[in-house]
Every structure is written in structure tokens, then in C-alpha cells.
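Trainee: Please walk me through this structure, one feature at a time. I would like the general idea first and then the case at hand.

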Amino acid sequence: PRGTSSQGRPTAGNFNRSGGTGAGSRLMSQADSSASPPATAGEGAGPSKRESEVEDLARKWLCAAETEAVEDDLKKLVEETKMPLEKLAGKEGLRMGPYQLVLWQPRYVFADLDGLHYQKLSTQNRPMGKPKKIKFASILEVTELEQGEIVIRCRSRDYTFKAPDASKASVMVHNLRQLILRHAEASGETGEQEGADSS
């Protein structure tokens with residue numbers, strides 16, 4: 001019959017058409033394998049474990065960098081409040097009968113994370129004695145006036161300081177406002193009373 005050799009073997013045409021190992025089938029198999037590479041394990045299943053670890057490290061690095069920047073800015077604010085100022089004696093100056101005497105006293109002023117300190121200065125302009133503290137939680141308002149004057153309004157009284165010039169007064173007022181705001185955000189404390197000022 002047609003398609004069979006005299007020895008009973010299939011002809012080359014029939015063998016190739018039935019999917020045998022002829023040259024045409026080999027070329028087709030090679031083309032199919034090159035067009036469709038085998039899928040790797042986990043392909044299309046989301047980020048790998050390694051990618052997740054890299055993302056976590058990146059987030060931690062960003063958080064650490066932001067925290068460091070905030071801490072550096074806070075240190076700068078605290079550092080810039082260190083300066084000699086003059087403080088108005090008493091709550092509203094000193095009274096002598098019907099007259100009011102305005103007396104400015106030299107003070108060394110500096111801040112920490114929860115308050116503003118002021119301290120007496122010696123004749124050599126060195127801090128002396130125990131510092132007194134105005135807690136940030138007790139401050140209601142900080143205002144800059146003319147001629148470098150700074151008024152700190154608290155719940156029980158006002159404090160008036162004078163800077164050497166207007167630029168230093170502006171720096172002090174800005175830094176105090178920032179420190180007060182950050183203290184309030186960090187602690188949420190209110191209603192604290194400042195220490196008594198007898199100087």
C-alpha cells in the first residue's frame with residue numbers, strides 16, 4: 001500500500017507528518033522553545049523576599065535620616081538661644097513713690113527642651129548663681145517689640161528682655177516660638193506654672 005516501503009517501514013513523508021524526528025519537526029521544536037522560555041518559580045507572584053528586604057531597609061533609612069534632621073534642627077535652635085540679654089527688673093520695673101524706675105539687669109539666657117533659663121552675669125560677663133527657669137508650658141505668647149525688646153507673656157506674669165540689637169531679638173523670638181511649639185507637640189503638657197522670679 002502507499003506510504004509503506006518494501007520492508008514495511010513508513011515512508012519519510014508519513015513519518016514527518018505524524019510528528020517523528022525528521023528535520024522539519026526538529027526545527028519547529030527549536031522555534032517553539034526559543035519563543036516560549038520556561039517560567040521561573042514565583043514569577044508574577046509579587047516582589048521577592050529580597051526585594052521586600054531592600055524596601056524595608058530603604059524605609060528605615062529614610063525614617064532615620066528624617067529623625068536625625070529633626071534632632072539637628074532642634075540642637076541648632078537650642079544653641080542659638082545662648083546669648084547675653086538684659087532683663088527688666090521686677091514685673092513692671094521698680095517704683096519709687098509716684099515714679100517708676102526702669103532698671104535693666106544683665107542676664108545670660110539659654111534654653112533646653114522644656115524651658116528658657118536666665119542667670120546673673122558677673123562683672124566679667126560670666127554666668128553666676130543658680131539659673132531661673134521659665135517653662136515652655138507656661139508661656140502664652142512671645143512678642144518682639146522695638147529696640148530689641150522681647151516680651152514673654154506667661155500665665156502669672158510677663159518677662160521683658162532686651163537683646164543687643166534687633167537681629168538678635170528676631171533670632172531669639174523665632175527660636176523660642178519653635179521650641180515652644182515642638183515642646184507642646186512632643187509632650188502635650190499644659191497648665192504648668194513657671195518658677196517664681198525674685199530677681
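Mentor: Let's begin with strands: helices (H or I, at least four residues) and strands (E, at least two) are DSSP runs, numbered from the N terminus. Two strands pair if DSSP finds at least two bridges between them. This is a predicted model, in which local features need pLDDT of at least 70 and side-chain atom pairs count only at pLDDT 80 or more, while totals for chains, interfaces and linings use all residues. Residues are numbered from 1 along each chain as its sequence is written, and side-chain values use heavy atoms, with hydrogens and water left out.

Trainee: How many residues lie between β8 and β9 in their hairpin?

Mentor: Three residues separate β8 from β9 in that hairpin. The two strands are antiparallel and share five bridges, and Ile150 has Phe161 in β9 as its bridge partner. A second hairpin is formed by β7 and β8, with four residues between them. In its turn, Gln147 has a positive phi of about 60°.

Trainee: What is the order of the strands in the open sheet?

Mentor: In general, strands of a sheet pair through backbone hydrogen bonds, either parallel or antiparallel. Here seven strands make an open sheet in the order β6-β5-β4-β1-β9-β8-β7, and the pairing is antiparallel. β6 (127-135) and β7 (139-144) are the edge strands, each pairing on one side only. From one strand to the next, the twist averages 35°. Within the sheet, β4 (residues 104-111) and β5 (residues 115-121) are an antiparallel pair with five bridges; Val109 stands opposite Tyr118 of β5 there.

Trainee: Which helix packs on the sheet?

Mentor: Helix α4 (residues 166-187) does, touching β1 (83-88), β4, β5, β7 and β8 (149-154). The direction of α4 makes about 160° with that of β7. For such angles, axes are lines fitted to C-alpha atoms, for helices over the stretch in contact, and angles run from 0 to 180 degrees between N-to-C directions. Contact means heavy atoms within 4.5 Å.

Trainee: Is β8 largely enclosed or open, and how many of its residues are buried?

Mentor: Buried means under 20% relative accessible area, exposed over 50%, and partly exposed in between (1.4 Å probe, protein chains only). Five of the six residues of β8 are buried, so this strand is largely enclosed by the rest of the structure. Ala163, in the loop between β9 (158-162) and α4, is also buried, at 6% relative accessible area. Beyond four places in sequence, Ala163 is in contact with Leu85, Gly148, Lys168 and Ala169. The C-alpha atoms of Ala163 and Met83 are 8.5 Å apart, although 80 residues separate the two along the chain.

Trainee: How many residues does the largest nonpolar core have?

Mentor: In soluble globular proteins, nonpolar side chains tend to be buried together. A nonpolar core is a set of buried Ala, Val, Leu, Ile, Met, Phe, Trp, Tyr and Cys residues joined through side-chain atoms within 4.5 Å. The largest one here has 24 residues, and Phe136, Ile139, Ile152 and Phe161 have the most contacts inside it. At least two residues each come from α3 (49-80), β1, β4, β5, β7, β8, β9 and α4, with α4 giving the most, six residues. Among the contacts of Ile152 beyond four places in sequence are Leu116, Ile139, Phe161 and Leu176.

Trainee: How many salt bridges does the count come to?

Mentor: Side chains of opposite charge can pair when their charged atoms come close. The rule for a salt bridge is a side-chain nitrogen of Lys or Arg within 4 Å of a carboxyl oxygen of Asp or Glu, and by it the count comes to six. In one of them, Arg182 and Asp73 have their closest N and O atoms 2.4 Å apart. Arg182 lies in helix α4 and Asp73 in helix α3, so the pair ties together parts that are 109 residues apart in sequence. Arg182 is partly exposed at 24%, as is Asp73 at 31%. Another salt bridge joins Glu141 to Arg153, with 3.3 Å between the closest N and O atoms.

Trainee: What is the mean pLDDT of the chain?

Mentor: pLDDT is the predictor's confidence in each residue, from 0 to 100. Its mean over the chain is 75, and 61% of the residues reach 70 or more. Over residues 10-21 it stays under 50, and the model has eleven contacts beyond four places in sequence for them. It also stays under 50 over residues 190-199, with 34 such contacts.
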